[in-house]
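Subject: Structure handover

Hello,

The structure we talked about is below, with the sequence. Please look through it alongside the notes that follow.

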Amino acid sequence: MKNTRYAKQAIFLGASIVIGFIIIFMDSKFFTSIPFLGYLIGMLFLLLALTPLGKGVKGSHSWLNLGILTFQPGELMKFFTALSIAKFLSLQEVNFSTLKHRLICAGFAVIPAFIIIMQNETGLALVYFSFFLAMYREGLPNIVLIVIFSIMTLAIATLLLPKNILFILLTIGALIFLYLVRRKLRRSKEILILVASIWGFGVLFSQVLVPLTFKNVLQAHHIDRIYSLIGQDVPEAYIKLNKSGKKIKTGTSDYNVRQSKIAIASGGIFGKGFLNGTQTQYNWVPEQGTDFIFCTIGEQFGFFGSLLLLGIYSVFLLRIVHIAERQRSQFSRIYAYCIAGILFFHLVINIGMTIGLAPVIGIPLPLISYGGTSLLTFAVMIFVLIRLDADRQMVLR
Amino acid sequence: MADFTQNRSNYIRILFVAIPLVLVLRLLFLQVFGAGGYKDAAIGQAVYIKKIFPPRGIIFDRNNKVLMNNSVVYDLVAEPNKMGTDFDTAFLCKMIKVSVSDFDKQIKRQILKHGAWQKVFTVYKNLSPVSVARLQENLFDFNGIDLIEHSERNFTEHCGGNFVGYINEISASQLEQEQFASYQKGDYIGITGIERQYEEVLRGQPGVQYLLRDVKQKIQGPYKDGSKDSAAIPGKTLQLYIDAKLQKLAEDMLANKLGSAIAIDPSTGGILAFASGPSFNPDLLTGTDKSKNLGNMLVDATKPLFNRAIKANYPPGSTFKPITALVALNEGVITPSFGMGCGGGYYSCGRRIGCTHSGGGHAANLSLAIANSCNSYFCHIFRLAIDGPKNANTHIGLQRWHHYMNEFGLGHPIGIDIPSEDGGNIPDSNYFNRIYNNSWNSCNMAIMGMGQGEVLMTPLQMANSICIIANRGYYYIPHFVKAIGGDSTDARLAKYRQKQVVANIPDSAYNAVGYGMQAVVDQGTGKIARIPGIEVCAKTGTAQNERLIMGKRVKLQNHSMFVAYAPRINPKIAVAVCIENAGYGATWAGPIASLLIEQYLTDTISAKRLYLKKKMDEAKIIPNYTYILDSLEKQAAKERELMKRMPKDSLKILNKMKEQIQRKMTPLWLNIILENTI
């Protein structure tokens, strides 16, 4: 089975190059004209995957079987979402400083993500939040980021601290803040309302929303991964039972990460040499062709190999930013940032999860992991960027 | 639209460098500094460290006959975590011919015993060769099942169990000790005898093989082409002084008897035969049922595992008389021609000390006194020696006598090369001060001169004292091992090559005693030991045997003792035989000793004396009260244990119960004992 993988991946590599050339010989205007249509077709495929046409792989329903080829519409959709966001924000009538347009723009990313979550492929869905990078570049106000960051802090605190203590802490925090601004308070009651509503949200979030999400929305393996990331055991209340009343066993992700860490760590400074990795060569690391492919590099080429790989990625990302900033057309710029965001998110989460810094959400390492759809999508996205860059003096709309 | 947020591209650039740097930092800790121990975890997972057990050293007898070698056996080891749901337990059990329920039970028992955190359990030990062959073919079908090879000891001559000892898996408490730091769980270690004493030479050095294995536990080949492997160094061979034929003869004759027989080559101190009765088949100490056999033997009333040859303390009886004579001669209180009249008892100390002979000049000189074993004579010369003119008073006389005994290797362990040797007992003036409240004289201890009273000796000490007499004044510490790995100059044996000179007693004294001991065989109490063509020197002994049983001093059957050496000129063998509760020394111990001498010196037993051998082989001399005493002892031990556990207020109730039981029991068991004694 392993041997046929080389051949398959080689075929997809060939196909990617062919498609790349086709893209390079196409007209840039083509890409400004298809986004919304592509987005609609992509959405159609996404929804089709939920029907019996979809193919279940390991509990996820994100695959679509079209007879001649099987692919993940969610991967393809990243490309169309990038194009659509770029197209939408570069429209003359769109003003990104208005809340309405901001919400529409976010909707482009969030709606497919939501469908993908329904397909049970949370990892892929999370990738769609990388489009906020492009939105940030285009002027998403800092307050949004502060809010998002605060919510994340609150979420982690909710997981780490017992409910009651968190409630007391929130209340004390609010009271201290009110005491500090007590003089302003006399002049305007708005601050009081603001603080009260933030406090109310915090309490609601930690006491109701998070427990509800954990109990009803997330699945056993998600909960497991989230808690293993912050180094805690899953609390009694969130342990899911299967039909026969037994605890659902998830443990595997923990095993994967442990094996992955062992493999990478055992590579040492210079690595064990090409094809000499004991941990990967003898299948100790599961999923080492796809999600955990970084182990192979870490083990065989050691710290310096890993450093080189990360360096190349970093330079690659900076190059994309450089390209983005030299575009005359806003469309091309936003598109470039979208691509950079996606690549960055994949890179950080994928490598992070192999060394225990990120939750294990199965997303591939761009251009390296085994997988046809993934390779093709990244190839298409990058070639389109190259094509657009070729016309950087044009104003594309 | 104007680009107001261009500066944000710089923040994004920083992000694209900073976050990968965080990853790099983490990798640095993981890969370079080995944080979290992940770096080393690969060894032991993909790299399987296989320990290669070296064959344990082989043990030869003096004629290069193999006494003990190794045979390869296999243990079945299971790792329950790896045994998936599709594990075919029924098939496995069919191949090793056990029931499925037994297999489950064994695994559960092992888990209970070692705790569930241990992953690998030894389920069955020493599988039969057929099971092993069948299982090896199908081993790869069973995940989590492995066969561990190790060697098992094998008594090729089926003799020598009591001094070779046995090996066992090292215990948890031993593993915690520093001296066993080089051992790991599952290693075998000598528990008793030579196996324990010479553990470090017999063990050899385990080798290590580094192998690569995949996630399914299949071995994929050597790690780094075997460059880190180390070969196992086999244990060194041991050559003993033991003569396998003689040893077997001794063991055969000690079957169904409590006692021991030791034969030593006086010129080297090498032990030629070493048997402790009741003899047992040494094969019980190896193989599958080893622990069961050991358990059975431990609770056996006859205590076959109690190594009587070095651990039993007997009053030496008349076999002690030659030593008394040597001391008296050296002290100058008698000459070989010293004689006295004995009318069947010794009355000088106010009470009668009986003598089996009366009149007839049976103690007319030293030689005759030894030959006829006159009690009066030796009580008298013992008193003469410690009251002698060289000593200012009896206290000093006794201390000097104590010093003599020390020189003879008595009163302390001699230092044989197997563990747990006992030292016997030689009382000193402190002892008598204590029990006689500082007021005592030579009369209080006159019977020590004839080997009774407080003097206690182990059979090994008896044999060694005969070596001293045979050698005329020196001995080598008795020992088994002649050469380690073919090298007789090994430093471990230096102690045994050193001549131990005793008290500088002149040869003339030894000659006189020697003539007396020859007379024992020629005309005295030990005629049974006469071997045509060989000048045998011997001394019989009939040791009175009293025991304190539940507070009462009870006289039990006498022990039969016999010591001998031969030939008189250039002695080649010295023998000491003790048979408990067997009566006269000449009746049981004598024939055994003389047969051992004959076998060793002539390499055969003459047809005329085969009847003796047959008689010795067949006799069963284990009095019934042995069992009764044993059960009483066990009862007492049980009660002691019970008392320890009881809360204090229940002690009274228990004592009352005990009294009641005793009142009922006493007449019964006392009767039985008395019946047997008479």
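**The cores**

The largest nonpolar core has 135 residues, and those with the most contacts inside it are Ile262(B), Ala273(B), Ala564(B), Val575(B) and Leu596(B). A nonpolar core here is a set of buried Ala, Val, Leu, Ile, Met, Phe, Trp, Tyr and Cys residues joined through C-beta atoms within 7 Å. A residue is buried if 20 or more other C-beta atoms lie within 10 Å of its own, exposed if 12 or fewer, and partly exposed in between, with C-beta atoms placed from the backbone. At least three residues of this core come from each of domain 2 (47-240) and domain 3 (244-287 + 312-618) of chain B; the domain bounds come from an automatic or database domain assignment. Apart from it lies another core, of 93 residues, including Phe80(A), Phe131(A), Met135(A) and Leu365(A).

This is a predicted model: local features need pLDDT of at least 70 and side-chain atom pairs count only at pLDDT 80 or more, while totals for chains, interfaces and linings use all residues. Residues are numbered from 1 along each chain as its sequence is written, and chains are lettered from A and ligands numbered from 1 in the order in which they are written.

**Strand 20 of chain B**

Helices (H or I, at least four residues) and strands (E, at least two) are DSSP runs, numbered from the N terminus. Seven of the seven residues of strand 20 (residues 573-579) of chain B are buried, so this strand is largely enclosed by the rest of the structure. Ile573(B), Val575(B), Val577(B) and Ile579(B) cover one side, and Ala574(B), Ala576(B) and Cys578(B) the other.

Strand 20 of chain B runs antiparallel to strand 11 (residues 259-265) of chain B, joined by six bridges; strands pair if DSSP finds at least two bridges between them. Strand 19 (residues 552-566) of chain B also pairs with strand 20 of chain B in the antiparallel sense, over seven bridges. Ala574(B) is the bridge partner of Ile264(B) and of Tyr565(B). Strands 19 and 20 of chain B form a hairpin with six residues between them, and Asn570(B) in the turn has a positive phi of about 50°.

**Where the chains meet**

The contact takes 31 residues from chain B and 36 residues from chain A, two residues being in contact if their C-beta atoms, placed from the backbone, lie within 7 Å. Helix 1 of chain B gives the most to the chain B side, with 16 residues.

Regards
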